[in-house]
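Subject: Structure for you to look at

Hello,

Here is the structure I said I would pass on. Please open it first, then read the notes below it.

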Amino acid sequence: MSETALKKVMDHAAAGLEARKAFFDAKAELVVGIARAMAVCLANGGKVMFCGNGGSAADSQHLAAEFTNRFRLERPPLPGLALTTDTSALTAIANDYSFDEVFSKQVQALGRPGDMLVGLSTSGTSANVVRAMREARRNGISTVGLSGQSGGEMTAVSDYLLTVPSGDTAVIQEIHIAAGHMFCHLVDHFLFEAVAELTPFLSREP
């Protein structure tokens, strides 16, 4: 066995474990708060939208599918929408206007006050994600930013911001999907297992 290859595996695993522990130690309460806000949004008839580029686009689709299908719990489908999947809309907007607008124009068309938008950007500077989040806030849509350690430009447009304590894109993405899975798990908890915990928040804006 290649010792160099094995060291790469163990170094990556160690870096991921360290960053994941630091993230959840610091952000667990915020993760719960975001998931509860999502549950309130859904209970009030809203939807959760996701957007990102590259691996973050794949994560957007992944998490939207967890909502519309199921996560662990057998329950009714929930309205999750990835803004990364409609190739006709994406290419038309990019061709006629700008790639920076591929998500913001969809937010204008599909988003409604009371919805939520989750933007994923490991750098925190993806122009199309930042613009979509800015558009969402202008239209009464709550925003959740998942970024790397600095938060970047997403800081100013996020109602809730989860930063990952790492500069390694792969590690950041791994923690983003772990946080996303916790959103799914906790939304199910609030909506279908512990409704009494959610009830005091239902009169509030998500």
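Helices (H or I, at least four residues) and strands (E, at least two) are DSSP runs, numbered from the N terminus. Counted this way, the protein has seven helices and five strands. Their order from the N terminus is α-β-α-β-α-α-β-α-β-β-α-α.

Two notes on the source. This is a predicted model, in which local features need pLDDT of at least 70 and side-chain atom pairs count only at pLDDT 80 or more, while totals for chains, interfaces and linings use all residues. Residues are numbered from 1 along each chain as its sequence is written, and side-chain values use heavy atoms, with hydrogens and water left out.

Overall shape

Along the principal axes, its C-alpha atoms fill a box of roughly 55 × 50 × 30 Å.

A contact means heavy atoms within 4.5 Å. Of the contacts in the protein with a separation of 6 or more, 69% are between residues 24 or more positions apart.

I call a residue buried under 20% relative accessible area, exposed over 50%, and partly exposed in between (1.4 Å probe, protein chains only). Of the 206 residues, 46% are buried.

Where does strand β3 sit, enclosed or open? Five of the five residues of β3 (residues 116-120) are buried, so the strand is largely enclosed by the rest of the structure. In a regular strand, side chains alternate between the two faces of the sheet. In β3, Met116, Val118 and Leu120 point one way, and Leu117 and Gly119 point the other way.

Two strands pair if DSSP finds at least two bridges between them. Strand β1 (residues 48-52) runs parallel to β3, and five bridges join them. β3 also pairs with strand β4 (residues 142-147) in the parallel sense, over five bridges. Glycine 119 of β3 stands opposite cysteine 51, and its bridge partner in β4 is glycine 145. From β3 the chain passes through α5 to β4 in a right-handed β-α-β crossover (with the strands pointing away from the viewer, the path from the first strand over the helix to the second runs clockwise).

Salt bridges

A salt bridge is a side-chain nitrogen of Lys or Arg within 4 Å of a carboxyl oxygen of Asp or Glu. There are eight salt bridges by this rule. Here are some of them.

- Lysine 7 and aspartate 11 form a salt bridge at 2.6 Å, N to O. They are four residues apart in helix α1 (residues 3-43), so about one helical turn separates them. Aspartate 11 is partly exposed, with a relative accessible area of 41%.
- Aspartate 188 and arginine 75 form a salt bridge at 3.0 Å, N to O. This pair links distant parts of the chain, 113 residues apart: aspartate 188 is in helix α6 (residues 169-193), and arginine 75 is in the loop between α2 (55-68) and β2 (80-82). Both aspartate 188 and arginine 75 are buried.
- Glutamate 101 and arginine 131 form a salt bridge, with the closest N and O atoms 3.7 Å apart.

Regards
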